[in-house]
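Keep the structure in view while reading.

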Amino acid sequence: MLTQDHHMFASVLEPTASFEAGAFVVPIEKTGPSRTQRRATSPRSTAKGPTDVTSSSTDTPSDQTQWMLKVRDQRDKAAFSALFDHFAPRLKGMVMRSGASSAQAEDVVQEVMLKVWRKAHLFDPERAQVSAWIYQIARNQQTDHFRKNARPVPEALKTPELPEPDVSHVIALEQEVQHLKRAMAALSPDQRQMVEQAYMGELSHSEISEATGLPLGTIKSRIRLALEKLRHDMKGARS
Amino acid sequence: MSHITHHVSDDVLLAYVSGHLPQPYAVVVASHLSLCDDCRARSEAHAHAGGVVMDTGAVSDVSGILKSRLFDELDAVLEEEPEYETKGPYPAPVMATLGGSELRWTHMGLGTKQAILQHDKAGSVRLLYIPGGMAVPDHGHNGLELTLVLQGAFRDETGRYGVGDLETADGSLEHTPIAEPGEACICLAATDAKLRFLSLVPRLLQPIFRI
């Protein structure tokens with residue numbers, strides 16, 4: 001396995017950027033949601049899965065993780081359907097934020113979800129939360145789709161087999177991500193926008209600079225400030 | 001590979017994870033991540049941040065037919081996608097970029113060789129082969145340059161780089177990498193603009209070598 005265990009965020013703490021913090025707070029939309037575009041509510045608020053999965057407690061993995069494992073291990077289409085219901089609107093929102101039309105975005109969503117189905121055997125809940133795993137597939141797919149260029153990815157790690165995940169590791173990772181969510185929710189709207197731009201935006205950093213007339217250094221430092229705040233919140237939450 | 005001391009910077013890593021990094025650099029970063037577990041972990045942490053941003057970001061309703069279109073494809077029989085693996089000093093992303101072709105080395109004089117893997121308006125990514133003790137032709141460059149050592153080691157004004165180490169140079173650095181004596185040094189290098197060689201002859205050769 002990897003050198004990091006469930007505390008994978010620790011390694012990112014070292015240099016300049018990192019992400020962490022607090023507990024789970026859902027961002028509150030101040031104005032009413034529009035008809036098609038709205039803020040996501042709690043990821044746990046989606047309909048229950050194909051089975052009676054209730055995972056609000058802290059000793060079972062999240063619904064998404066359980067669905068994903070059913071897809072991986074049993075090729076369970078009902079679980080895949082639940083994953084689709086949760087992620088497809090979020091994926092579409094992300095792809096449209098990157099400048100795609102609704103129809104283009106749906107093509108990408110379809111490609112991404114197909115990859116999720118076909119690459120499910122690579123999903124390892126001790127290393128990645130479902131949202132992180134799908135995010136990475138989606139960003140790669142998006143660049144593949146629009147640049148017609150296969151995105152280079154690191155060599156797959158040789159993991160002998162992935163049957164029984166260590167539940168405590170899975171849950172520890174999920175808790176880290178809950179901390180991260182709280183930190184994100186605590187960002188100022190400005191900072192939130194910078195982070196969204198960095199992770200979901202269409203523009204490269206230099207393009208942002210052209211678009212706003214801000215020198216690159218300012219942009220970088222704004223992103224760094226946002227990351228620093230995340231890190232600070234995490235430290236606060238841990239102590 | 002715990003002896004890696006020069007890692008990918010956070011802004012480059014974030015640009016890679018979020019899909020913003022131009023293709024030539026992405027090949028180098030993916031190769032570094034194949035060799036460096038620390039940076040792989042950092043990239044996965046960024047992916048978690050991305051996952052949170054996506055999960056809590058804007059949602060957009062999908063049309064009703066999307067799901068049925070998708071489910072119709074689930075059982076389709078596919079041709080196997082080629083899976084690339086490390087071969088000798090070349091990490092999987094290099095092999096994937098080659099896509100099954102052989103390496104085509106071009107001699108640059110004094111035993112130095114290069115093989116261009118990809119060259120287009122996004123920039124270029126190439127392998128450099130530098131015999132032990134030899135210098136890479138003295139050059140400056142206009143934009144970001146990422147250089148990953150795959151075999152041997154080199155030194156320049158900024159330090160020593162061994163296998164797995166990644167040098168990040170911006171346009172301001174004029175450096176002269178020299179391969180350490182012994183085994184030839186093989187590097188994977190990406191640039192986004194034409195390298196500007198400082199000595200006369202190599203500059204004349206630039207168009208020929210596409211540097």
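A:Thr65 is part of helix H2 of chain A, which covers residues 63-74. The model is a predicted one. Is A:Thr65 buried or exposed? A residue counts as buried if 20 or more other C-beta atoms lie within 10 Å of its own. A:Thr65 has 25 C-beta neighbours inside 10 Å, and therefore it counts as buried. Leaving out residues up to four places away in sequence, A:Thr65 touches A:Pro125, A:Val130 and A:Val170. A:Ala103 is 38 residues from A:Thr65 along the chain, and the C-alpha atoms of these two residues are separated by 29 Å.

**The sheets of chain B**

Chain B has an open sheet of six strands, in the order S2-S3-S4-S11-S6-S9, with antiparallel pairing. Strand S2 (106-109) and strand S9 (166-169) of chain B are at the edges; each has a single partner strand, so one side of each has no neighbour in the sheet. From one strand to the next, the twist averages 25 degrees. Strands of a sheet pair through backbone hydrogen bonds, in either a parallel or an antiparallel way.

Within this order, strand S4 (residues 123-130) of chain B pairs with strand S11 (residues 185-191) of chain B over seven bridges, in the antiparallel sense. One residue pair shows where to look: B:Ile130 has B:Cys185 in S11(B) as its bridge partner. H2(B) lies across several strands of chain B, namely S3 (112-120), S4, S6 (145-151), S9 and S11. The angle between H2(B) and S11(B) is about 140 degrees.

Another open sheet in chain B has three strands, in the order S8-S7-S10, and its pairing is antiparallel. Its edge strands are S8 (159-161) and S10 (178-179) of chain B, each of which pairs on one side only. Strand S7 (residues 154-156) of chain B is joined to S10(B) by two bridges, and these strands run antiparallel. In S10(B), B:Ala179 stands opposite B:Phe154.

**Where the chains touch**

How many residues does each chain bring to the contact? Chain A brings 63 residues and chain B brings 51 residues. On the chain B side, the elements that give two or more residues are helix H1 (10-17), helix H2 (23-35), helix H3 (37-56), strand S1 (58-60), helix H4 (64-73) and H5 of chain B. H3(B) gives the largest share of this side, with 17 residues. By type, the residues on the chain B side divide into 24 nonpolar, 14 polar and 13 charged.

**Confidence in the model**

The model has an ipTM of 0.86 and a pTM of 0.78. The table lists the confidence of each chain.

| Chain | Mean pLDDT | Residues with pLDDT of at least 70 |
|---|---|---|
| Chain A | 69 | 56% |
| Chain B | 84 | 86% |

In chain A, helix H3 (residues 77-97) has the highest mean pLDDT, 96, and helix H1 (residues 9-13) the lowest, 35. Residues 42-56 of chain A have a pLDDT below 50, and this stretch has 26 contacts in the model beyond near neighbours in sequence. Residues 233-239 of chain A also stay under 50, with 11 contacts beyond four places in sequence.

The pLDDT is below 50 over residues 195-206 of chain B, a stretch with 21 contacts beyond near neighbours in sequence.

Methods. Residues are numbered from 1 along each chain as its sequence is written. Chains are lettered from A and ligands numbered from 1 in the order in which they are written. This is a predicted model: local features need pLDDT of at least 70, side-chain atom pairs count only at pLDDT 80 or more; totals for chains, interfaces and linings use all residues. Two strands pair if DSSP finds at least two bridges between them. Helices (H or I, at least four residues) and strands (E, at least two) are DSSP runs, numbered from the N terminus. pLDDT is the predictor's confidence in each residue, from 0 to 100. Two residues are in contact if their C-beta atoms, placed from the backbone, lie within 7 Å. A residue is buried if 20 or more other C-beta atoms lie within 10 Å of its own, exposed if 12 or fewer, and partly exposed in between; C-beta atoms are placed from the backbone. Ala, Val, Leu, Ile, Met, Phe, Trp, Tyr, Cys and Pro count as nonpolar, Asp, Glu, Lys and Arg as charged, and the others, Gly among them, as polar. Axes are lines fitted to C-alpha atoms, for helices over the stretch in contact, and angles run from 0 to 180 degrees between N-to-C directions.
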